[in-house]
Amino acid sequence: MANCDEALKNASVVTTNACKLCTPLGACIAIRGIEGAMPMLHGSQGCATYMRRYVISHFREPIDIASSNFTENTTIFGGKGNLATGLNNVIAQYNPDLIGVATTCLSETIGEDLPSLIKQYQTETEAQKQPFIIPISTPSYRGTHINGFQTAVRAVVAGLAKEDLPQKQLNILPGLVSPADIYYIKEILAEYGLKYALLPDYSETLDGPTWDEYQSIPAGGTPIAAIQSMGSAVGTLEFGRTLDSGQTAGGLLQERFKVPNYLLGMPIGVRGTDQFFEVLKTITRQDMPNKYRYERGRLIDAYIDGHKYVFEKKAVVYGEEDLVAGLAGFLAEVGIIPVLCASGGKSGRLSQAIREAAPEIADQVMVQEGIDFMEIAEETERLGADLLIGNSKGYQIARSLKIPLIRVGFPIHDRFGGQRLLHLGYRGTGELFDRIVNAILAHRQEASPVGYSYL
Amino acid sequence: MAILEQRQKQVYTKGQSVFEMECNKPSLAGSVSQRACVFCGSRVVLYPIADAVHLVHGPIGCAAYTWDIRGALSSGPELHRLSFSTDLQELDVINGGEQKLYCALSELIDRYHPNAAFVYSTCIIGVIGDDVAAVCKKVSLEKGIPVLPVDSEGFKGTKKDGYRAACSALFKLTGQIPVDNMSQYSMNIMGEFNIAGETWLIRSYYENMGIQVVSCLTGDTRIDDIQRSHGAALNVVQCSGSMVYLAKMFEEHYGTPYLRVAYFGIEDMSEALYSVAKFFKDPEIMRRARELVREEVEVIYPKLLEYQQKLTGKRAAVYVGGAFKAFALVRALRLLGMKVVMVGSQTGNKDDYQQLRNICDEGTIIVDDSNPLELSAFLREQEVDLFIGGVKERPLAYKLGIGFCDHNHERKKPLAGFAGMLNFAAEIYSSVHSPVWRLSPYRQKSNQDAADKTDFQDSKACVFDSPTGFSRVYKNA
């Protein structure tokens with residue numbers, strides 16, 4: 001075996017406490033956001049169970065993910081039989097309208113041709129009514145859960161969207177945001193009185209009301225008819241500066257159906273949200289509803305009230321690349337320096353996204369793609385950061401360095417209500433700003449020998 | 001909707017049909033099993049070894065989902081709480097991952113100076129043909145510590161095969177060094193994972209009886225404890241599904257006998273102490289065991305009776321990983337006056353289910369390798385007040401307005417031992433008697449249905465009088 005120093009080029013070869021998840025997990029969450037849909041993994045049973053557990057710990061909702069349950073024989077002779085059995089059983093138990101079948105590292109490595117296996121299944125099955133079955137290629141050795149999420153959204157659009165007469169409909173592809181964020185986007189779109197297809201919409205499926213009737217597939221999700229009509233929309237809004245626009249669902253709609261795609265950052269902060277409303281105006285020719293103009297004013301009012309508490313605080317921001325870029329744009333507005341912007345993802349576009357979202361502080365920011373939490377811990381200490389902003393997996397760093405962690409994004413495994421955290425828009429930014437200021441105040445109060453009761 | 005045809009023999013209702021339970025088979029594709037995989041089984045068993053590096057060889061998922069996943073506490077080092085992965089990328093899959101594995105192992109050992117390293121093979125390792133054993137051997141020679149491959153490719157069986165792979169790895173650490181200074185009254189604790197510090201509690205009981213605990217192989221574990229474990233006179237095995245393989249290896253190679261026990265509930269906990277005392281045939285040990293049990297029970301029993309008063313007649317469902325835990329829970333729930341109306345496990349064998357059948361009441365549903373749809377149906381059909389399971393089962397209970405007790409690896413309070421029994425009762429009470437259920441629309445509706453039914457007949461009779469037994473039809477689907 002060759003010398004490791006050469007192979008390593010001074011970087012660590014081990015990923016210690018990953019700041020990313022595997023691709024099929026993202027695909028499963030996306031599929032959960034389609035009405036009447038079931039996610040299924042083509043691979044070992046463990047993948048489905050581990051992902052369910054991980055996702056349930058955040059959302060606290062049932063999430064069923066089927067598996068084709070590879071055995072040793074399946075691995076040697078191929079998964080055709082197991083796939084058919086799995087599909088038959090999912091249909092028998094859940095009667096879904098759509099099944100999103102995502103591959104895993106195992107099925108990809110043995111070279112399964114999932115699209116053609118699904119075609120064969122559809123030809124050979126005798127069932128009268130068949131659900132849509134969408135193949136999704138998500139080898140976990142390529143990309144992160146975000147890539148899996150985006151691949152699933154694109155695969156669904158590719159499989160369902162049809163060309164039709166143009167109609168006054170908007171497509172919106174928010175990416176991996178919280179159910180609260182999706183509820184909020186829907187509220188905004190309702191103000192415009194516009195028909196829209198929001199994909200995926202797991203607001204109700206992953207943060208729904210308690211039940212009075214048992215639901216094998218939780219109610220809610222993007223209606224399939226809405227996805228089918230995406231090809232005839234007047235425009236697509238896609239959140240994600242770090243996405244490869246050629247590879248997204250929005251890109252596909254533009255290429256195939258000539259639906260203009262507006263790729264913009266996560267609408268966080270005043271500027272980020274302004275851009276979102278500007279695009280809405282471009283597409284709908286309607287001004288921002290007064291309700292949001294008012295929210296915007298209240299947000300800036302809050303910024304002013306809290307500005308001294310946060311000025312030139314150093315924050316380490318980590319998580320999914322687009323969330324990080326969106327947060328950086330907001331932090332720059334209030335005077336917090338995101339000294340490290342880090343992600344386990346490796347799009348190659350994070351630096352540029354931060355330059356676009358937060359041009360005024362871009363030269364003070366260290367941007368790191370492909371990072372893990374061990375490296376984040378080292379850098380946080382070295383940079384003398386005052387706070388961490390990211391998912392709950394940064395808790396051990398916050399604990400050992402005794403600095404506050406403001407929990408955002410996914411997953412939130414050590415606090416209650418992660419699914420109800422609002423990040424987007426003026427309102428979400430306001431809530432986020434309150435939480436950041438309060439974390440700083442609490443930290444200061446606890447450290448003070450005086451114990452001030454007015455801060 | 002009916003239970004899937006291929007699964008019908010994995011469901012049995014006591015008193016309703018001939019007992020011909022099928023189990024011990026791979027999960028059915030598309031069924032949405034609650035089971036994990038071979039890797040999970042191995043990771044669970046070896047997880048509590050706190051001074052070893054645990055390197056997961058494969059793409060990132062398996063390591064990411066098991067990072068700090070279990071509350072297995074350590075009194076010293078905490079290497080087990082870190083997640084290490086070779087994080088294989090596409091090129092590694094094409095070119096092979098041996099070089100990366102070698103470098104990763106070398107780096108980790110230099111960084112942490114562990115007393116051993118375990119390398120877990122995930123699904124694709126077998127497929128791409130990495131010679132993990134050879135890499136481990138090389139690194140072991142270079143670094144002078146044991147580096148053990150764990151054959152835990154996810155598809156190569158069930159969680160039980162993962163237990164076996166982990167036991168094989170553990171066994172390789174034993175028998176290498178001479179052991180003396182061992183008391184004739186010495187034992188190893190196996191299959192107790194020190195969740196929320198439970199092993200410490202159990203260990204203290206045995207030590208108070210005058211027994212030397214040589215090693216807890218699966219709780220707050222150190223490599224040198226394992227290396228001395230073959231010197232113990234007895235192995236005491238809980239969670240028989242995972243560790244009985246190791247106990248059998250000890251029996252075969254070192255002639256060490258083993259006992260199977262459980263530490264949940266007063267009955268099982270007491271029996272776990274008495275059976276060890278009986279084994280050593282020492283009156284003083286038995287006297288101390290009796291005294292310990294009496295003292296402990298005296299403390300908790302009056303409080304348990306208070307809970308019993310409030311829980312008597314409530315109906316419980318249990319779905320856990322191993323069947324042995326299910327036995328103990330059935331007995332513990334009975335002590336609280338509760339009726340177990342459904343019980344199941346992911347990995348029970350035929351003997352386990354036979355034993356469950358023996359201890360359960362008529363009409364109890366027994367299920368192997370169940371899924372969310374079945375479990376939800378059982379909860380509804382059996383009009384359950386409390387469900388005991390793990391994280392994946394919790395939302396099923398809550399959505400149906402049913403109380404829940406997490407008896408899995410995420411629990412933060414000890415539920416084992418005598419003190420644990422009181423925690424268990426308190427947790428059940430706090431969930432079953434929470435006022436929130438009064439607002440649950442599902443609960444309101446089923447209460448109304450039950451009230452309507454009792455106007456005409458005994459509400460349970462319509463379920464149990466059905467000629468085909470459990471009706472196997474979902475009410476609302």
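The model is predicted, and chain A in it is divided into domain 1 (23–143), domain 2 (169–284) and domain 3 (303–447). The contact between the chains takes 63 residues from chain A and 64 residues from chain B, while within chain A 17 residues of domain 1 are in contact with 16 residues of domain 2.

**Contact between chain A and chain B**

- From chain A the contact takes 63 residues, and from chain B it takes 64 residues.
- On the side of chain A that touches chain B, at least two residues each are supplied by helix H1 (4–8), strand E1 (15–16), helix H3 (45–59), strand E3 (66–67), helix H4 (72–77), helix H5 (80–94) and helix H6 (105–109) of chain A.
- H3(A) provides the largest share of this side of chain A, namely 10 residues.
- By residue class, the side of chain A that touches chain B divides into 27 nonpolar, 26 polar and 10 charged residues.

**Strand pairing across the two chains**

- E1(A) is joined by 2 bridges to strand E3 (residues 84–85) of chain B, and these two strands run antiparallel.
- Within E3(B), the residue that stands opposite A:Thr15 is B:Ser85.
- In general terms, strands of a sheet pair through backbone hydrogen bonds, and the pairing is either parallel or antiparallel.

**The four-stranded sheet of chain A**

- Chain A holds an open sheet of 4 strands in the order E7-E6-E8-E9, with parallel pairing.
- Strand E7 (195–198) and strand E9 (261–264) of chain A are the edge strands of this sheet, each of them pairing on one side only.
- From one strand to the next, the twist averages 20 degrees.
- Strand E6 (residues 169–173) of chain A is joined to E7(A) by 4 bridges, and the two strands run parallel.
- A:Asn171 stands opposite A:Ala197, which lies in E7(A).

**Domain 1 and domain 2 of chain A**

- The centres of domain 1 of chain A and domain 2 of chain A, taken over C-alpha atoms, are separated by 24 Å.
- Helix H2 (23–32) and strand E2 (37–42) of chain A each supply at least two residues of the side of domain 1 that touches domain 2.
- The largest share of that side of domain 1 of chain A, 4 residues, comes from H2(A).
- The residues on the side of domain 1 of chain A that touches domain 2 of chain A comprise 10 nonpolar, 3 polar and 4 charged.

Terms used: Residues numbered from 1 in each chain as written. Chains lettered and ligands numbered in written order. Predicted model: local features only at pLDDT ≥ 70, side-chain atom pairs only at ≥ 80, totals over all residues. Contact = placed C-beta atoms within 7 Å. Nonpolar A, V, L, I, M, F, W, Y, C, P; charged D, E, K, R; others polar. Pairing = 2+ DSSP bridges. Axes fitted to C-alpha atoms, helices over the stretch in contact; angles between N-to-C directions. Domains from an automatic or database assignment.
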